[in-house]
Amino acid sequence: MRPTSGRTFGVVLAIVCGASAAVARAQEGHPLVGTWHGTWGPTATERHDVTVVLEFDGKAVTGMLNPGPDSVRFDKVTLDPGNWSVHFEATPKGTNAMPIVIDATIQDVTNRRRSLVGTWTQGSMKSDFKVTRDD
Amino acid sequence: MIGTHVNRLMLFAGAAVLSSLSWALLPTPTVAQQPPGPRETPGPGRGRGERGPSKPTPRHASGRVNLGAPPGGSGFWGGGGSMVGRRGSSLPTNHDVSELPFQPWSKALYDARLKQGEKDDPHARCLPPGGPRQFQTPNGFEFIEQPDRKRITIIFGGGPRSWRFIYLDGRPLPKLDDADLIPTYFGYSMGRWEGDTLIVESTGYNEKFWFHRGGLPHTDALHLTERFSRPDFDTLKYEVTVDDPKAYTRSWRGGFTMPWTYTNWDGSPGGEMQEYFCQDNERDYSRLR
């Protein structure tokens with residue numbers, strides 16, 4: 001039991017460190033790159049914390065939701081620089097999990113504390129979504 | 001008496017209107033305490049008056065070009081212009097900004113920055129200006145050649161009063177996929193002399209700054225090849241090749257010249273960089289968040 005817990009902790013630590021490195025490495029480059037924190041939810045009071053980590057290799061944007069044991073990698077991320085709209089698709093683990101679709105727009109794109117604002121759709125549920133990029 | 005007051009009031013009102021108009025006609029002020037400044041040669045050297053023909057390029061006893069002041073002399077380099085466009089001190093071979101091979105996202109981001117009037121320029125928050133931007137700030141710079149340490153140090157009088165090392169000992173450039181690499185504002189620079197030109201390759205940049213005045217985007221993949229030459233005593237020619245495949249579809253090149261500055265900031269004889277710290281007069285940070 002103990003070794004398993006230790007390994008799990010190590011994996012979590014490595015993922016968190018990786019996310020932290022992404023924060024430190026990006027500020028003014030590709031506007032999606034970095035770590036974003038915020039919430040999604042159907043009402044102003046029913047909110048869910050969410051962390052988005054994004055990278056850019058020169059061709060494609062990749063990344064994940066909520067780094068850690070329950071992380072979900074994005075299947076697809078597309079950016080339209082014409083209006084700074086972003087489309088995300090992700091499939092959570094688990095047989096009953098519904099795919100997640102996020103459609104958002106980058107707000108205040110020149111600001112290092114820019115935001116992604118839009119909708120989080122999962123099955124028939126549609127929520128609002130807002131995350132702000134870490135400084 | 002009343003008439004005198006009215007006349008004075010009218011004069012005052014007229015002056016106020018004229019003053020407002022003159023401010024309105026000026027370029028939009030930037031938020032930085034050290035503004036981006038003119039597009040052409042900035043401050044240092046102002047007031048030095050007309051120059052005669054330049055002296056020849058100074059050289060060390062070995063015959064190699066001296067990028068600094070000759071023994072017993074003084075002076076420093078003033079900042080340069082733009083590596084895009086062909087105005088002022090920009091090189092006639094430069095591209096126009098419309099000809100740059102932007103990736104779609106970098107073009108859109110550059111356009112957005114232009115519309116914002118450099119409001120979000122990290123330099124406005126006194127962060128160090130890496131890349132060509134380091135030569136576009138007021139208050140000048142000097143090359144300090146250190147042959148015993150096989151390096152050249154460039155000290156900057158502008159911005160946050162920073163410095164940069166160029167190693168001449170043949171060490172390799174860091175690899176960008178090295179997990180131990182710490183990206184920096186000035187990158188890691190390795191230089192070599194080819195004839196009278198100092199060629200400097202740099203990589204390992206962070207993304208916390210704008211590498212060119214106006215906000216041309218770059219990424220952590222940025223690789224610069226800079227060429228420094230001194231065609232005569234008074235002129236430093238700077239050419240740089242930008243290779244950043246994440247931000248541009250192909251490498252591109254530009255540059256500008258910079259003037260030797262004989263005077264102090266206030267125009268008095270001396271040629272010494274003034275003590276200047278960007279942070280000393282920073283007043284806008286709290287309003288920029």
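Trainee: OK, pLDDT is the predictor's confidence in each residue, from 0 to 100. Where in chain B does pLDDT stay under 50?

Mentor: Over residues 1-48 of chain B. For that stretch the model has 67 contacts beyond four places in sequence; two residues are in contact if their C-beta atoms, placed from the backbone, lie within 7 Å. This is a predicted model, where local features need pLDDT of at least 70 and side-chain atom pairs count only at pLDDT 80 or more, while totals for chains, interfaces and linings use all residues. Residues are numbered from 1 along each chain as its sequence is written, and chains are lettered from A and ligands numbered from 1 in the order in which they are written.

Trainee: And what does chain B average?

Mentor: A pLDDT of 85, with 81% of the residues scoring at least 70. For the complex, the predictor gives an ipTM of 0.82 and a pTM of 0.82.

Trainee: Switching to chain A, what is its secondary structure?

Mentor: One helix and eight strands, in the order α-β-β-β-β-β-β-β-β from the N terminus. Both kinds of element are DSSP runs numbered from the N terminus: helices are H or I with at least four residues, strands are E with at least two.

Trainee: How do the strands run in the barrel?

Mentor: β1-β2-β3-β4-β5-β6-β7-β8 of chain A form a closed barrel with antiparallel pairing. Two strands pair if DSSP finds at least two bridges between them.

Trainee: How many bridges join β1 to β8 there?

Mentor: Six, between β1 (residues 34-41) and β8 (residues 125-133) of chain A, running antiparallel. Thr39(A) in particular stands opposite Lys130(A) in β8(A).

Trainee: Now Ser189(B). Is that residue buried or exposed?

Mentor: Ser189(B) is buried, because 21 other C-beta atoms lie within 10 Å. The scale goes: buried at 20 or more other C-beta atoms within 10 Å of the residue's own, exposed at 12 or fewer, partly exposed in between, again with C-beta atoms placed from the backbone.

Trainee: Which strand is Ser189(B) in, and what does it touch?

Mentor: Ser189(B) sits in β5 (residues 188-194) of chain B. Beyond neighbours within four places in sequence, its contacts are Arg164(B), Phe165(B), Ile166(B), Tyr167(B), Val200(B) and Ser202(B).

Trainee: What joins β5(B) to β4 of chain B?

Mentor: Two bridges, with β4 (residues 163-167) and β5(B) running parallel; Tyr167(B) has Met190(B) as its bridge partner. On to β6 (residues 197-203) of chain B: seven bridges join β5(B) to it, and those two run antiparallel. Tyr188(B) is partnered there by Thr203(B).

Trainee: What about Gly195(B) in that hairpin?

Mentor: The hairpin of β5(B) and β6(B) has two residues between the strands, and Gly195(B) takes a positive phi near 65°.

Trainee: Last one: how many residues come from each chain in the contact?

Mentor: 17 from chain A and 23 from chain B. The chain A side has six nonpolar, seven polar and four charged residues. Here Ala, Val, Leu, Ile, Met, Phe, Trp, Tyr, Cys and Pro count as nonpolar, Asp, Glu, Lys and Arg as charged, and the others, Gly among them, as polar.
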